[in-house]
Amino acid sequence: MDPSRFDWGVGSAIGATFGTVFRNFVPFVSLSLLAGIPGMLLGATGLTRWATMPLDLVTGQIVTIALIYGAVRSLRGHKVGVGECLTEGVRRLPAAIAVGILAVLAYVLGVVLLIIPGLFLITLWAVAIPAAVVEKAGIGGSFVRSMELTRDRRWRVFGAMVVSWILYAAV
């Protein structure tokens with residue numbers, strides 16, 4: 001299935017998410033567990049949580065990028081492997097971090113400017129990091145591609161984000 005042609009609503013997005021996670025349970029859980037190992041090993045040396053935080057942030061981002069890459073591969077009908085996902089996570093880390101930092105700065109500015117512009121930007125750029133990871137769109141191209149992918153679906157994208165925020169808050 002080509003994700004760019006996937007006509008979805010909140011329910012189908014949640015269903016696709018759970019389906020992808022369950023189809024790839026072992027590799028996704030393995031990747032998630034790998035994220036904590038470096039920080040845990042450093043923590044065992046007696047370093048404080050603050051000292052291990054930079055490493056945790058970087059490994060967390062690598063795993064997030066690896067999971068994005070793996071999820072899209074799975075949605076396209078390909079087998080997901082831990083090694084390939086980690087390799088791609090490391091390879092695509094710089095662009096994804098740059099896109100993430102720029103997006104967060106814009107979101108914060110938008111929220112400061114009366115909340116609505118921030119929510120609009122969050123919706124507009126909801127898939128900027130996945131565009132940087134999966135399509136190697138570059139920094140500026142990732143924002144443009146996200147706007148293209150969310151066009152005509154922004155209310156649905158916003159609804160899916162609200163549902164995920166509510167689920168996250170409940171957990």
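Mentor: Here is a walk through some local features of this model.

Trainee: What should I keep in mind before we start?

Mentor: This is a predicted model, so local features need pLDDT of at least 70 and side-chain atom pairs count only at pLDDT 80 or more, while totals for chains, interfaces and linings use all residues. Residues are numbered from 1 along each chain as its sequence is written, and side-chain values use heavy atoms, with hydrogens and water left out.

Trainee: Okay, pockets. Which residues line the second largest pocket?

Mentor: Its lining is made of Ile116, Leu119, Phe120, Thr123, Arg154, Trp155 and Phe158. On a 1 Å grid over the protein atoms alone, a pocket is an open set of points where a 1.4 Å probe fits, with protein on both sides within 12 Å along at least five of seven lines, and lining residues have an atom within 4 Å of a point.

Trainee: Which helices supply at least two residues each to that lining?

Mentor: Those are α6 (116-124) and α9 (154-170). The largest share, four residues, is from α6. Helices here are DSSP runs (H or I, at least four residues), numbered from the N terminus.

Trainee: How much space lies in there?

Mentor: About 160 Å³. That volume is the space filled by probe spheres set on the grid points, which are joined across faces, edges and corners.

Trainee: And what does the lining look like by class?

Mentor: Five residues are nonpolar, one is polar and one is charged. In this scheme Ala, Val, Leu, Ile, Met, Phe, Trp, Tyr, Cys and Pro count as nonpolar, Asp, Glu, Lys and Arg as charged, and the others, Gly among them, as polar.

Trainee: Take phenylalanine 25. Why does it count as partly exposed?

Mentor: Phenylalanine 25, which lies in helix α2, counts as partly exposed because its relative accessibility is 45%. Buried means under 20% relative accessible area, exposed means over 50%, and partly exposed is in between (1.4 Å probe, protein chains only).

Trainee: New topic. How many salt bridges are there?

Mentor: The count comes to five salt bridges, each being a side-chain nitrogen of Lys or Arg within 4 Å of a carboxyl oxygen of Asp or Glu. One of them joins glutamate 84 and arginine 73, at 3.5 Å from N to O. This pair links distant parts of the chain, with glutamate 84 in helix α4 (residues 82-91) and arginine 73 in helix α3 (residues 49-75), 11 residues apart.

Trainee: What about glutamate 88 and arginine 91?

Mentor: They form a salt bridge whose closest N and O atoms are 2.6 Å apart. The two are three residues apart in helix α4, so about one helical turn separates them. Glutamate 88 is buried at 9% relative accessibility, whereas arginine 91 is exposed at 52%.

Trainee: And where does glutamate 135 sit relative to arginine 145?

Mentor: The closest N and O atoms of their salt bridge are 2.7 Å apart. Glutamate 135 lies in the loop between α7 (128-134) and α8 (139-150), and arginine 145 is in helix α8, so the pair ties together parts that are 10 residues apart in sequence. As for shared partners, salt bridges join Glu88, Arg91 and Arg92 into one network.

Trainee: Where is aspartate 152, then?

Mentor: Aspartate 152 is in the loop between α8 and α9. Its phi is also positive, near 65°, and aspartate 152 is exposed, with a relative accessible area of 72%.
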